[in-house]
Amino acid sequence: MIRAEGLLRRYPGFELAVEALELPAGRFVTVIGPSGAGKSTLLRLLAGLEAPDAGTIERRGRVVFLDQDRTVLERSVLANATFGLELAGVPRREAERRVRPWLERVGLAGRLRQPAQLLSGGERARLALVRALATEPDVLLLDEPTQALDPGNVALAEALLREAHAQGRALVLVTHNLYQARRLGEETWFLLGGRLEEASPSERLFTRPERETTRAYVAGEMVY
Ligand code: ADP
């Protein structure tokens, strides 16, 4: 669960200002908005990777953030997969036992000893997902986890996220894929120019939005 109030974050030439925001336990939220709207900034604030200039953020449960870069450590695929668990204090052997089924599911079981840097973009994305999911977080914050993936990998990633949700985890997923935002979200947040323009149940936001700006954006009429 995450609750934010009076959030303010300023960069030169940009300001993110969100009056109030709530992510209840177990909720699947998708976040949409033009490039530069502040989506990644909001996620970093919610993750606690950056402090706001003003406002408060209350977090309950374990929050894990999956960045856009699909960063891998210069270690083996297996060591990358266990990294999150080891950070959480799980002994290496136990961590390895726990990540194996995940690595099998994402088709990386045959590559355990290979250096992770050799993986393709799609494989790195799957590895990053495994690293995050294996820690069984209460809240998962994801910045465009399926960007530039082929359709099969998108479907696989979405299946894993749905499953995490079915297990009671809360998710906040930033995506430029509006179909995905509608497909996966229970609630969708539309960010525009550093403001939370609309937060509505996903189906409603895409079919009967409250704001004209939301309608124009989801109809593809907003040029940016
Ligand atoms: P989005 O994820 O919606 O594309 P971002 O949150 O990445 O938007 O960025 C919002 C604005 O803040 C952009 O204008 C970006 O250049 C600026 N910005 C983001 N991070 C920083 C930073 N660390 N320092 C300065 N400006 C930043």
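**Exercise 1.** Determine how Asp 53 and Arg 9 are paired, and what the pair ties together.

*Solution.* Asp 53 makes a salt bridge with Arg 9, the closest N and O atoms being 3.3 Å apart, where a salt bridge is a side-chain nitrogen of Lys or Arg within 4 Å of a carboxyl oxygen of Asp or Glu. Asp 53 lies in the loop between helix H1 (39-47) and strand S4 (54-59), and Arg 9 in strand S1 (residues 2-11), so the pair ties together parts that are 44 residues apart in sequence; helices (H or I, at least four residues) and strands (E, at least two) are DSSP runs, numbered from the N terminus. The model is predicted, with local features needing pLDDT of at least 70 and side-chain atom pairs counting only at pLDDT 80 or more, while totals for chains, interfaces and linings use all residues. Residues are numbered from 1 along each chain as its sequence is written, and side-chain values use heavy atoms, with hydrogens and water left out.

**Exercise 2.** Classify Asp 53 and Arg 9 as buried, partly exposed or exposed.

*Solution.* Buried means under 20% relative accessible area, exposed over 50%, and partly exposed in between (1.4 Å probe, protein chains only). With 46% relative accessibility Asp 53 is partly exposed, whereas Arg 9, at 16%, is buried.
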